[in-house]
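Trainee: Could you take me on a close look at a single part of this model? Please start wherever you like, and give me the cut-offs as you go.

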There are 4 protein chains.
Amino acid sequence: MAVQRALEQKVDNTAPAQQYRTDLPPTPIKICYIGGGSVGWAHILMYDLALCPELTGEVRLYDIDYRRAERNAAFGNILQSHPSTVSKFKYRAVKTLTSGLKDADFVFLSITPGSLDDMARDIAIPARFGILHPVGDTVGPAGHVRALRCCRLYAGFAKAIAEHAPKAWVINYTNPMTACTRTLTKVAPSLKVMGCCHEVFGTQNLLAQLVEKYLGAPKPHRSEIKCDVTGVNHFTWITRATWNGHDLYPIVQKHIDEPGVVRPYKTKEVLATNNVFHNKHQITFELFKRFGYLPAAGDRHLAEFVTGFLKNEDEVHRWAIALTPVAWRKQKVLERIRTMKQRAAGKAAIEVKHSGEEGIDQILALLGRRALITNVNVENQGQIPNLPLGAVVETNAAFLSDRVQPVSAGPVPAPILGLVSRHVYNQELIVEAALEADEQKAFATIANDPLVTIPMDNAWKMTQQMLAATKPWSYSTNAPR
Amino acid sequence: MAVQRALEQKVDNTAPAQQYRTDLPPTPIKICYIGGGSVGWAHILMYDLALCPELTGEVRLYDIDYRRAERNAAFGNILQSHPSTVSKFKYRAVKTLTSGLKDADFVFLSITPGSLDDMARDIAIPARFGILHPVGDTVGPAGHVRALRCCRLYAGFAKAIAEHAPKAWVINYTNPMTACTRTLTKVAPSLKVMGCCHEVFGTQNLLAQLVEKYLGAPKPHRSEIKCDVTGVNHFTWITRATWNGHDLYPIVQKHIDEPGVVRPYKTKEVLATNNVFHNKHQITFELFKRFGYLPAAGDRHLAEFVTGFLKNEDEVHRWAIALTPVAWRKQKVLERIRTMKQRAAGKAAIEVKHSGEEGIDQILALLGRRALITNVNVENQGQIPNLPLGAVVETNAAFLSDRVQPVSAGPVPAPILGLVSRHVYNQELIVEAALEADEQKAFATIANDPLVTIPMDNAWKMTQQMLAATKPWSYSTNAPR
Amino acid sequence: MAVQRALEQKVDNTAPAQQYRTDLPPTPIKICYIGGGSVGWAHILMYDLALCPELTGEVRLYDIDYRRAERNAAFGNILQSHPSTVSKFKYRAVKTLTSGLKDADFVFLSITPGSLDDMARDIAIPARFGILHPVGDTVGPAGHVRALRCCRLYAGFAKAIAEHAPKAWVINYTNPMTACTRTLTKVAPSLKVMGCCHEVFGTQNLLAQLVEKYLGAPKPHRSEIKCDVTGVNHFTWITRATWNGHDLYPIVQKHIDEPGVVRPYKTKEVLATNNVFHNKHQITFELFKRFGYLPAAGDRHLAEFVTGFLKNEDEVHRWAIALTPVAWRKQKVLERIRTMKQRAAGKAAIEVKHSGEEGIDQILALLGRRALITNVNVENQGQIPNLPLGAVVETNAAFLSDRVQPVSAGPVPAPILGLVSRHVYNQELIVEAALEADEQKAFATIANDPLVTIPMDNAWKMTQQMLAATKPWSYSTNAPR
Amino acid sequence: MAVQRALEQKVDNTAPAQQYRTDLPPTPIKICYIGGGSVGWAHILMYDLALCPELTGEVRLYDIDYRRAERNAAFGNILQSHPSTVSKFKYRAVKTLTSGLKDADFVFLSITPGSLDDMARDIAIPARFGILHPVGDTVGPAGHVRALRCCRLYAGFAKAIAEHAPKAWVINYTNPMTACTRTLTKVAPSLKVMGCCHEVFGTQNLLAQLVEKYLGAPKPHRSEIKCDVTGVNHFTWITRATWNGHDLYPIVQKHIDEPGVVRPYKTKEVLATNNVFHNKHQITFELFKRFGYLPAAGDRHLAEFVTGFLKNEDEVHRWAIALTPVAWRKQKVLERIRTMKQRAAGKAAIEVKHSGEEGIDQILALLGRRALITNVNVENQGQIPNLPLGAVVETNAAFLSDRVQPVSAGPVPAPILGLVSRHVYNQELIVEAALEADEQKAFATIANDPLVTIPMDNAWKMTQQMLAATKPWSYSTNAPR
């Protein structure tokens, strides 16, 4: 769940104060937030909107659980009355998707597909066949079955948006990012769709730290690290990185070569940290050493994209990462709700500050108020010429007035092309499987996943059990009301 | 000759004062300018460099006529001592290309291929067959024969640069832009090459004027007009334009619909202006009306790209344009040299001011000091998916640290695809003809040009005469010393 | 009208006696013939079916003029009772398209779009603007307006076939071949569609004659001439030809070099022949000389694909061809009907013999009874990598059981790529214009045609007059009953 | 080693007697056979040439072991004097490759890269890491290291052929087929190259048997089974199969559904057969059931292309296949040499009969004496649009005079695209690794192979040991003398 991950990761919010344009009046916009009861990304957006004087308007929160949307709307309006707030926004919960979408300019999607209990089953069944998932929301059997649930819901969203907000920009935050985004582009090709994720920012931050450590400069903001970005979400690669003209690859190599940076970890030292996001970049660095290019996602995600890191739990820990229990996720959500309630009730202080995320900058660029170049997940229109056209990939793009135009990233380098393309084909296939309710394609996706190394008849049994445990096929692809 | 055109066109230099970065020391660079004796683009660069505090270094001027290079070097150094100058640059003329290129970071090319007498013959022979050229430097039989001369010279430049300055950014200003740039990419694929032209800026300016006229806003700077740009140089199209979120196409239509804006012109009123750059956008507007998209080049250029505007001189004038006599071009060069001499001798005042051109911004972006999105001529890597890969096309691109990455422009719209693609195939072919010294391919290019509507056996005769009059084949493709 | 052309052209029917398979029983098939009242291609099929022992079944004739279909059905049944006939087929006229299509295995289309009076107008209006058409059924303004009429009818056919005979092979003979075939593939992508034309056979025959003349071998059957075929219908090129391993290009060159083979013709000698199909291959040879590749269509067609052969009637005759009056076409149809009636009434002898056409061989290959490699018009799936995917092109293809798989023809050679691609884009555009009833696209097609060299405002007037004279837009795209 | 496999497999040689053309004299040809000392494919060619009256000429045998070439040449000439022989061919061993290639019309390649001891090490080292290879000559770590040896040798062959026999058809039989063939096309793009393998014929035979069993027809010859063929060598798929219009997929399903056809096998029953080619199509049928498409190679090969069949030796046997010991291979070669010697000495009878292979038919088609459609390995020119251009793939092709033109096979079906494309990327990469002597790319290939499921640091160790054990890098890429 990207929403939880977002709040954990130390995103750098020390950016130099936003320079807002004062020569133009604020642009009025209507936002519809699907999954508007969430306490993750929805809250990030609320805080950042509060601080942006260039925008005004209303935010409609739609959620399958209306009370959660209501609770968030109330909290959003509380934020708007905070003394630090500089914008004028009105929040309201909506009971139907249709009313939320009507003429919206921007639609955000950030949902939990099914329940956390579904997610627990996604992970538990493969575990019985010896297949472990540190995350379980992107690829691996768990990610694919989650995609089955997601895509059918998203087909409904796509149709509803195309009908009620055909000119809106549609911005996805839900995982599996690629499958969700691709469903939107496939079901409603006329929509303007992108998927946004901050995972690359984390690696830019790592590089910014290395600039400070090895180049003797003050730690630059991550956006000063100029990167060539290519791949698919959570398996994105920074194939070149510079800062002020300095090539940063030799510096990464220097860092790896330092004693103690790369080493096997022991189970007990990993568990002792009591941190499910424990990440010493051991898999990042192993892939960099062996393939010559730098992956740009957390190790927990990377481990799910390549065969050989997750044979058993000791092996998982050897690479300095841990599995993420679903129980922990449940606990986290409860904590966040409690905090919000306390803040809403005035029992805890509210501090309105920038999240360091980029959503607002993207909106401003799409409105034609500035230009922006950043990484984003959109259909491959040739930006990566050696991956299939139409597949959703992650590269840099230019955000111009009402346009997200990916920049030419060039071909995925030969040594990593096999690793990456495998997932592209698989993600294309799971979307087809979901939209066509085709179990054979669902199986083919799972059988072809790097985590699935068991005999084919066993893989078939596992798939049958997983499909039975979830009910992806029962989700209607019709537009929700 | 782009160099002359540059100084004629009223480029908007009223941009808000450049905001230069002061947090980083100036970057030292070495520039080699091929055609360094020119009094057009070379002077523009000198003035703009003088005003940029973020750069320092040296500029080597190479020219087939060493004395001209020397004269320019002296003038450049005079500029550097001017009180308004804020940078430190040293200018020197070089006797060999090799010494000019050695370890250069940037190589500019802006030459006259052959003499103005060659150009006069390029235009005079077709005229005897009833084929007129308002410009004669891009397409049409004159443009193609000029390309034959250019490409063989450029093949030599490409090899020399690849040997002596393999990491340099190579920036072409010479016409025919597409053929010259393509020769560089074809002969030396490892080079970093682009071709730059300000013709699109002119149309952005026209749109900025319409914003002022019809939207009641102060005339914005042309860079505030956000455009989708596609096509080939001098036949570029702005397929969408907005300002602050306003779609500008309806405004163009409104303008056209006003009485008197579109009308046939009479020969005498055109000649009375005594202005070879006379341009009432009549061809621009005719193409917009008939094809639904806005071309972004001067009418003199556009008329050479589409059959039917140049049947005879009266017909030329009917569209409010005039032919450009080569005698006029010769006169202009002499005037500029005279002016420079007077300024150098202190007999005329020197005013150091921004040209409004973008060369310096591009350099700063390539050095990683900022980001820039602008239009540029580079190889098609998929930015225009319905034109051939490898051909040089003009679209927007993101200029990032040491990268020019074209943004995905999408397919050329159906109604203009035939008009545009025809020239793409033709320009690919003339480069092949030149590099292979293949007369059949040269003829095929000319026979397939929109201006050539005469019987095929006559077209063959004309081609033979033109090839005999120039001596493109005698130019060595070996690197100049 | 291909139907008339077919009977004029001396197709070589001296093929060695068909070797029919006797190890398998005849395959029963159902044929639906749209345009079944025609006296051209429909008759050819009847004769060839009569002589094929491997097929049996029924042929349903559908025509907008039911009496013509009835007349043909009666004649077909007479042929079936002829002593030379070896097959068992039943012919019947059908009153509705639906009843004709029901479960058909093969659907042939060979219609006259509109009337011959429509065709007369298609040709007369451009003539007033100085634009001449020797044929007027493929490209040029006349061809494009004919396409407008055709495509809307064909959209209806496509839907009807997709509904009532979704598994049928659909074989088009109507001109404009490319636009008709493309409409079928575009409107009903799931259909199995091809367009067949014998124009290439004529050039194979010419080459077979040259084999006899210059290699001293007995004249081989045209199918012994192995060709690389590429391009679009009526502008197809044989880019390599061999016979028994001998390269035939040098022999073509030898032939051209003989005195008298290539020379200007005089109007009176052309008219003296009183033969609208007069063809001395002067345009074929001119294109071969200038571009280095051999076009494979009659000169009357070729002249419509390249600027410069049709400036006025004397110029037309200079290339040894003549214009085809529509009055002549009307006369021809009447003659054929008269002959049929006489034969049906026993007043003229019936001779049942092979036409030399390939329709039956194609059917047998599609039924899996043999393999066949021949030229055909289908969507570009990569067989010509430098033309747009999806466009209908003509190359060789392998006919295998229920499959027509184009063979890789490689890229169109550089010198002719511009000539050919221009038409590909134009034909794609006219189909869009027709299906979308978009006058601007119709104009863009016409303005971009090689025959249209008049000023753009005149081209616009001409187009308006042509569109008013025909009523393409009034044709329903709904399926005929 | 394909050569041994060839003689083992029961290729159907009951084809109806070849129908040879008598209307043309035999064509004289010069063949160069690289690996001419082999006792596999070289012998097959000798027998088939002896029986073909349409060809005449000479065969030069080149081998790294000259005495073996001499022995084969002597035997070839003995065959030519056999009473059943109808052709005139002269065999001679050559000491240098240059003399063998001089002006050759056809060059065959069928070599052992390194020794059988090398092959033993290729298999033994991965076995120590738990990775088993039933064959070890195509993919898996053993196949990739074999490719490293092959490609460097083949680079030399490519250059030599391009220099001495630039117009020859180059036909590869050596495994790994794809890597060998690709090296030829990459190093010498101007050569006419293809790779031929009979593995698909075996599956056609299986289908012919099912026709007999379920359709009650006499068993047809395999060439009567019309197939859509797609994929890469040894992992080719028959995505559609028909006989006389009957779809054969339902019949395959019917067969699988019969009791006992699909079942787990026991180690002892597999070993009891004492047959390394034991094949009950269990993997073929498993893949058909799970993915919906029929693979067309022996199960020993298939097991190496998909994760999950080779976990340990019991698991191997469960699928009814066995590992092939290199000791067995050595023994087989000795037996064949002994047999040849006895035949040459007149101590064993020589029976000259057709092999059932297609080499001769291909030669006749390339000489323009007939047309042929069959499956072949050539560069992807678009015949499989969803696999990378340039990669060597296996599909049907039309063999016409001096042309092998692949037919459009359409996209690889979605459920198997991931399985197939993975190997395409890997095979492209191992060729690059070999030609660039790049160990990182060699590792990337191995790490990305389906058989390699061990931790990445272990995979690295294994790769290091394998590279050290072979000496691929010591092979010169210069042309052998």
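Mentor: Gladly! A helix here is a DSSP run of H or I with at least four residues, a strand is a run of E with at least two, and both are numbered from the N terminus. This is a predicted model, in which local features need pLDDT of at least 70 and side-chain atom pairs count only at pLDDT 80 or more, while totals for chains, interfaces and linings use all residues. Residues are numbered from 1 along each chain as its sequence is written, with chains lettered from A and ligands numbered from 1 in the order in which they are written.

Let's begin with D:P166, in the loop between α6 and β5 (169–172) of chain D. With 13 other C-beta atoms within 10 Å, D:P166 is partly exposed (buried means 20 or more such atoms, exposed 12 or fewer, partly exposed in between, with C-beta atoms placed from the backbone). D:R121 is 45 residues from D:P166 along the chain, and their C-alpha atoms are 36 Å apart.

The crossing of α6(D) and α7(D) is right-handed, that is, the near helix is turned clockwise from the far one by less than a right angle, anticlockwise being left-handed. From α6(D) the contact takes D:A147, D:C150, D:C151, D:Y154, D:A155, D:A158 and D:K159, and from α7(D) it takes D:A179, D:C180, D:T183, D:L184 and D:V187 (contact means C-beta atoms, placed from the backbone, within 7 Å). Ten of these residues are nonpolar, one is polar and one is charged (Ala, Val, Leu, Ile, Met, Phe, Trp, Tyr, Cys and Pro count as nonpolar, Asp, Glu, Lys and Arg as charged, and the others, Gly among them, as polar).

In chain B, α6(B) also has a partner in α5(B) (residues 116–128): their axes come within 8 Å and cross at roughly 145 degrees, again right-handed. B:D118, B:M119, B:D122, B:I123 and B:P126 meet B:P141, B:A142, B:V145, B:R146 and B:R149 there, a set of six nonpolar, no polar and four charged residues.

Now to how the chains meet. Chain C is laid on chain B with an RMSD of 0.0 Å by a turn of 180 degrees and a shift of 0.0 Å along the axis (least squares on C-alpha atoms of residues with pLDDT of at least 70 in both). That is the relation of a two-fold axis. Between them, 34 residues of chain C contact 34 of chain B, and α16(C) gives the most to the chain C side, with eleven residues. That side has 17 nonpolar, ten polar and seven charged residues. Because 100% of the interface residues of chain C are also interface residues in chain B, the copies meet through the same surface.

Finally, nine of the ten residues of α11(C) are buried, so α11(C) is largely enclosed by the rest of the structure. Its buried residues pack against elements of both chains, including α17 and α18 of chain B and α16 of chain C. Just after α11(C), C:G292 takes a positive phi of about 85 degrees.

Conventions. Two residues are in contact if their C-beta atoms, placed from the backbone, lie within 7 Å. Axes are lines fitted to C-alpha atoms, for helices over the stretch in contact, and angles run from 0 to 180 degrees between N-to-C directions.
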